[in-house]
Amino acid sequence: MAVSDEERSAARSTVARLWKTGIDPTRHGEFRDFEQRYSLPMFREQRGFLGVLFLHSAAGAAVLTLWASREDAERLAESSAYRATVARLEQTGLLRGEQTIEVFEMTGAHIARSLTAVERA
């Protein structure tokens, strides 16, 4: 299936923002609850927000958000809702070590199935 010029243009402007952190290894469940209760609704309020993947490993967690533009991703840090969510998360004691943020230009994508209803084992 050929990719249209419009789809190529959208992919060039779309960015992914990756936030990584260590978390208390005994509290992954609490962190997942926080993601659903506070982080997801906050992201949904943001201009240019396209989607999110919440990722976990034994060592920590990552949040990969997709944005319509680099400006939208950068604007997140200025959002009062974002700052309040970060402050709430910091107060939980769930975080360990340093947190990092990196923004990537999206140059292509393929998702084989809908991820809206990912089931947890």
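How many bridges join strand β1 to strand β3? Eight bridges link β1 (residues 15-23) to β3 (residues 60-67), and the two strands run antiparallel. The structure is a predicted model, in which local features need pLDDT of at least 70, side-chain atom pairs count only at pLDDT 80 or more, and totals for chains, interfaces and linings use all residues. Residues are numbered from 1 along each chain as its sequence is written, and side-chain values use heavy atoms, with hydrogens and water left out.

Helices (H or I, at least four residues) and strands (E, at least two) are DSSP runs, numbered from the N terminus. Strands pair if DSSP finds at least two bridges between them. Four strands form an open sheet, ordered β2-β3-β1-β4, with antiparallel pairing. Its edge strands, β2 (49-56) and β4 (95-105), each pair on one side only. A hairpin of three residues joins β2 to β3.

Axes are lines fitted to C-alpha atoms, for helices over the stretch in contact, and angles run from 0 to 180 degrees between N-to-C directions.

α2 also packs with helix α4 (residues 80-92), at an angle of about 165 degrees and with axes 10 Å apart. α2 is therefore roughly antiparallel to α4 (angles over 145 degrees count as such). Residues F31, F34, Y38, S39 and M42 of α2 meet A81, Y82, T85, R88, L89 and T92 of α4.

Note on methods:
Parallel < 35°, antiparallel > 145°, perpendicular 65-115°, else oblique. Contact = heavy atoms within 4.5 Å.
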